[in-house]
Amino acid sequence: MLRMGAAATGMAVAGRTVDAWAGHDPVLPTPDRPPPSSKLFSHAETRLAFRNHGMHLEFLDKPITPVASHFQLIHFDIPQLDDRGYSITVKGRVNKPLTLSLEDLKRRKTVKQPSIMECAGNGRSFAHPRSIYVPWFNEAIGVFEYTGTPLKPILQEAGLLDDATEVVFTGHDDGIDLGVHHHFERALPIDEAMLDGVILAWEANGHPLPPAHGFPLRLVVPTWYGMASVKWLKAITVIDHPFQGVQQKLVYRMTFSGGDAGRPIQKKSVRAAMKPPGYPDLISRYRFVESGNVELRGMAWSGWGPIRKVEVSDDDRRTWRPAVLEEPVSPHAWTPWRFNWQARPGARILSCRATDVTGNIQPLRAIWNVQGMAQNGVERWGVRVL
Ligand SMILES: Nc1nc2c(c(=O)[nH]1)N[C@H]1C(S)=C(S)[C@@H](COP(=O)(O)O)O[C@H]1N2
Ligand SMILES: [Mo]
């Protein structure tokens with residue numbers, strides 16, 4: 001017989017009654033983020049991973065990521081916005097506050113700009129103990145070709161007052177993080193907000209932004225980690241003091257202990273990614289390739305400047321040989337690389353390692369930090385050469 005539980009319907013399995021919810025309260029609010037666990041992923045993390053999927057890495061040989069294969073991260077709920085009647089305000093420490101409709105923005109100078117997006121939490125699940133949020137490995141990346149208008153002339157038109165120091169970008173979405181109810185909000189220092197490549201975008205790959213990616217308007221900050229690129233933009237507020245919002249003061253910080261205020265996470269660390277070679281095992285996604293000449297391909301990027309070098313290793317990071325670099329997809333996106341690999345039969349571990357013009361190079365092992373931020377340790381792909 002089937003019994004109805006208080007919280008959910010029971011399931012009859014081989015004559016026994018099983019409560020599908022046993023041990024899992026479906027609606028327990030967490031006032032704070034739960035403590036790190038070692039190996040097992042919780043129900044909550046698994047659900048977050050379904051909502052916030054990663055890039056399909058097989059597209060790492062394409063300059064532009066297909067819309068549905070770019071990663072996405074949505075902290076709260078996707079706000080359902082209408083492009084008709086939509087406008088943003090530019091206010092605060094400015095001479096002339098502005099209200100700009102989508103049509104106003106589209107009448108301004110328009111750019112088409114391939115731009116790299118990477119979540120600051122990319123790589124966090126390789127760390128131990130890991131911080132509990134979306135359990136990214138190395139798939140929180142993607143490049144869209146955005147259509148938009150540069151931010152700098154808009155700020156100039158509003159006229160920054162002499163005491164202006166930061167620009168706050170507020171999203172339409174709201175929710176609770178670290179016990180505080182707030183709108184998703186992030187700030188940039190004035191000089192970063194004025195940089196070339198910082199745009200307000202309404203299209204990805206020639207189509208209106210999908211709801212999950214910020215419809216109808218988002219900020220794109222190509223050099224910073226993804227959290228700076230505020231989606232579902234509602235307001236731009238110029239302020240004269242350091243912004244104290246939750247997502248600025250408490251989250252996105254490089255901290256090494258509980259009481260440590262840490263330093264803010266800003267520009268993307270240098271990183272290379274490899275298109276997984278050959279074909280996968282269904283469950284583990286362990287790779288299989290035929291022996292002989294195998295062309296390895298991938299992308300590299302850095303928030304600190306252009307990529308100078310990518311190297312490849314097939315012996316678990318012991319020896320490195322240079323890959324061939326192509327032209328960057330855009331000054332604001334990634335740089336393709338390729339490597340002619342002589343694959344000899346046996347089990348191999350493949351890695352790629354990028355260096356940027358500033359001399360930043362990826363560490364062989366990630367540097368642990370509490371929030372699992374900016375983990376750019378080199379990738380390791382297990383491959384069996386047949
Ligand atoms: N309003 C708003 N903007 C946001 C977010 C959000 O939750 N709300 N997530 C940020 C984070 S942490 C990342 S990594 C990127 C992800 O952008 P994507 O979903 O287009 O890949 O959006 C950023 N902008
Ligand atoms: Mo992110």
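**Exercise 1. Find which helix and strand each supply at least two residues of the lining of the second largest pocket, and which one gives the most.**

Step 1: Helix H1 (43-51) and strand S24 (381-385) each supply at least two lining residues. Helices (H or I, at least four residues) and strands (E, at least two) are DSSP runs, numbered from the N terminus.

Step 2: H1 comes out on top, giving four residues to this lining.

A quick word on what you're looking at: this is a predicted model, where local features need pLDDT of at least 70, side-chain atom pairs need 80 or more, totals for chains, interfaces and linings use all residues, and side-chain values use heavy atoms without hydrogens or water. Residues count from 1 along each chain as its sequence is written, while chains are lettered from A and ligands numbered from 1 in the order written.

**Exercise 2. Describe the rest of that pocket: its volume, its central residues and its lining classes.**

Step 1: The volume is about 800 Å³. A pocket is an open set of points on a 1 Å grid over the protein atoms alone, with protein on both sides within 12 Å along at least five of seven lines, and lining residues have an atom within 4 Å of a point.

Step 2: Of its 27 lining residues, Pro135, Phe137, Asn138, Glu139 and Arg285 lie nearest the centre.

Step 3: Sort the lining by class and you get 13 nonpolar, eight polar and six charged residues. Here Asp, Glu, Lys and Arg are charged, Ala, Val, Leu, Ile, Met, Phe, Trp, Tyr, Cys and Pro are nonpolar, and the others, Gly among them, are polar.

**Exercise 3. Now turn to the largest cavity: work out what it holds and what lines it.**

Step 1: Searching the whole structure turns up two cavities of 30 Å³ or more. In a cavity, a 1.4 Å probe fits but cannot get out.

Step 2: The largest one has a volume of about 220 Å³, the space filled by probe spheres set on points joined across faces, edges and corners.

Step 3: Its lining has 19 residues, with Leu73, Arg218, Gly226, Ser229 and Lys231 nearest its centre.

Step 4: Ligand 1 sits in this cavity, meaning that more than half of its atoms lie within 2 Å of the grid points.

**Exercise 4. Say which residues are closest to ligand 1, and how it is held by polar contacts.**

Step 1: Ligand 1 is surrounded by 19 residues, and the closest are His75, Asp173, His213, Arg218 and Lys231. The cut-off is a heavy atom within 4 Å.

Step 2: Look for N or O pairs within 3.5 Å. Oxygen atoms of ligand 1 lie 2.9 Å from a backbone N or O atom of His75, 2.7 Å from a side-chain N or O atom of Arg218 and 2.5 Å from a polar side-chain atom of Lys231.

Step 3: The protein covers 100% of the 530 Å² of accessible area that ligand 1 has on its own (Shrake-Rupley, 1.4 Å probe).

Conventions: Polar contact = N/O pair within 3.5 Å; in protein donor to acceptor, adjacent residues only side chain to side chain.
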